[in-house]
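Please keep the sequence and the structure in view while reading.

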Amino acid sequence: MRHLMSPLDFTVEELDKVLSLAGEIEKNPEKYAHVCQGKKLATIFYEPSTRTRLSFEAAMMNLGGNVLGFSSAASSSAAKGESVSDTIRMISCYADICAMRHPKEGAPLVASMHSSIPVINAGDGGHQHPTQTITDLLTIKSLKGRLGNLTIGLCGDLKFGRTVHSLINALVRYEGVKFVLISPEELRVPGYIREEVLDANGIEYKEVVRLEDVMSELDLLYMTRVQKERFFNEEDYVRMKDFYILDKQKMALGREDMLVLHPLPRVNEISVEVDDDPRAVYFKQVQYGVYARMALILTLLNTKVE
Ligand code: CP
């Protein structure tokens with residue numbers, strides 16, 4: 001039995017297989033429409049979500065399976081003080097696989113230690129979000145045709161943005177990837193990511209504050225929201241929240257084949273006027289998230305489809 005806590009839980013070869021399977025599913029969804037009949041996915045979310053929870057549920061339904069779960073700690077017995085380890089013991093009696101989101105870093109890992117079914121980290125605090133990363137990799141591979149030899153701009157809240165941490169971890173394993181880290185000083189990528197991931201792997205990167213100065217260098221621009229829920233005081237959030245706003249003027253500085261991704265939800269960091277630009281692919285990214293999670297469910301349930 002395998003769990004998924006971090007994108008690094010899969011080797012590059014295993015991840016390539018998941019991405020290939022997702023591509024197969026996209027081309028031939030009917031073939032996969034009943035392969036999880038009789039199986040159940042539990043989504044246990046202690047923190048708000050639209051995409052991750054609903055795309056997991058859509059993924060399991062698309063595979064012919066069923067779903068159950070809760071969408072907030074307040075509507076579960078966590079509100080009465082039940083521990084994560086006790087909760088996953090119950091869920092193991094009800095479901096075949098579980099996706100869990102929690103505000104505390106490491107909570108899904110604790111669950112996996114007490115679980116008899118595969119546990120998927122659907123986002124833990126400011127730490128990791130591996131299924132968003134598989135979604136991002138699938139989007140990049142499908143629309144750019146490769147995962148290597150790319151200059152990737154990561155812009156916004158690089159301190160608390162768990163999608164950025166997971167994506168950097170995953171992309172440093174591909175040849176010729178360079179990063180441009182675009183953030184205010186207070187929201188820089190954490191030191192442990194710079195030292196243990198970027199420096200340790202000899203990855204070329206630079207840190208800048210102004211998005212305009214680097215737009216023309218980028219193959220991909222990955223925008224992120226300032227993570228209001230991780231700030232310790234409202235004043236700091238208000239000061240930071242509109243630091244970056246990607247608009248038509250800034251898009252004009254980017255290459256014709258540059259792609260703009262965003263894990264969403266978006267607040268103000270991408271103006272709605274950008275949505276019609278063919279380079280803005282963040283809504284396509286959402287659709288890739290369903291195929292990615294279908295492939296992941298099949299992989300962790302070890303379901304073979306001939
Ligand atoms: N991208 C993402 O994790 O979105 P949700 O918070 O809506 O799940």
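How many nonpolar, polar and charged residues does the lining of the second largest cavity have, by class?

## Second largest cavity

The lining of the second largest cavity has 6 nonpolar, 2 polar and 2 charged residues, where Ala, Val, Leu, Ile, Met, Phe, Trp, Tyr, Cys and Pro count as nonpolar, Asp, Glu, Lys and Arg as charged, and the others, Gly among them, as polar. The residues that line the second largest cavity are Gly-156, Pro-184, Leu-187, Thr-224, Val-226, Met-240, Lys-241, Phe-243, Tyr-244 and Glu-269, and the space inside comes to about 60 Å³.

## Basis of the model

The model is predicted, with local features needing pLDDT of at least 70 and side-chain atom pairs counted only at pLDDT 80 or more, while totals for chains, interfaces and linings use all residues. Residues are numbered from 1 along each chain as its sequence is written, and side-chain values use heavy atoms, with hydrogens and water left out.

Rolling a probe the size of a water molecule over the atoms shows where empty space is left. On a 1 Å grid over the protein atoms alone, a cavity is a set of points where a 1.4 Å probe fits but cannot get out, whereas a pocket is an open set with protein on both sides within 12 Å along at least five of seven lines, and lining residues have an atom within 4 Å of a point. Grid points are joined across faces, edges and corners, and a volume is the space filled by probe spheres set on the points.

## Largest cavity

Counted by this rule, there are 3 cavities of 30 Å³ or more, and the largest cavity has a volume of about 80 Å³. Its lining consists of Arg-51, Ser-55, Gln-132, Thr-135, His-262, Pro-263, Tyr-282, Gln-285, Val-286, Gly-289 and Arg-293. Helix 2, helix 5 (130-144) and helix 10 (282-300) are the elements that give two or more residues to the lining of the largest cavity, and helix 10 gives the most, with 5 residues; helices (H or I, at least four residues) and strands (E, at least two) are DSSP runs, numbered from the N terminus.

By class, the lining of the largest cavity divides into 3 nonpolar, 6 polar and 2 charged residues. The largest cavity lies between domain 1 (7-127 + 289-300) and domain 2 (130-286), because both give residues to its lining; the domain bounds come from an automatic or database domain assignment.

## Largest pocket

The largest pocket has a volume of about 360 Å³. Of the 21 residues that line the largest pocket, Arg-101, Arg-162, Arg-225, Leu-264 and Pro-265 are the closest to its centre, and the elements that give two or more residues to this lining are helix 2 (51-62) and helix 6 (162-171). The lining of the largest pocket has 4 nonpolar, 10 polar and 7 charged residues, and it draws at least three residues from each of domain 1 and domain 2.

## Salt bridges

A salt bridge is here a side-chain nitrogen of Lys or Arg within 4 Å of a carboxyl oxygen of Asp or Glu, and a search of the whole structure finds 16 salt bridges. Asp-86 and Arg-89 form one, with the closest N and O atoms 3.4 Å apart; these two are 3 residues apart in helix 3 (residues 84-94), so about one helical turn separates them. Asp-86 is partly exposed at 33% relative accessibility, and Arg-89 is partly exposed at 42%, where buried means under 20% relative accessible area, exposed over 50%, and partly exposed in between (1.4 Å probe, protein chains only).

Lys-241, one of the residues that line the second largest cavity, meets Asp-242 in a salt bridge (3.3 Å, N to O). Lys-241 is partly exposed at 28%, and Asp-242 is partly exposed at 34%. Arg-279 and Asp-277 form a salt bridge whose closest N and O atoms are 2.9 Å apart; Arg-279 is buried at 13%, and Asp-277 is buried at 18%.

## Strand 8 and its partners

From strand 8 (residues 220-223), Leu-220 and Tyr-222 point one way and Leu-221 and Met-223 the other way, and all are buried. Strand 5 (residues 150-155) and strand 8 run parallel and are joined by 4 bridges, two strands being paired if DSSP finds at least two bridges between them. Cys-155 has Met-223 of strand 8 as its bridge partner. Strand 8 also pairs with strand 9 (residues 259-261) in the parallel sense over 3 bridges, and there the bridge partner of Leu-221 is Val-260.
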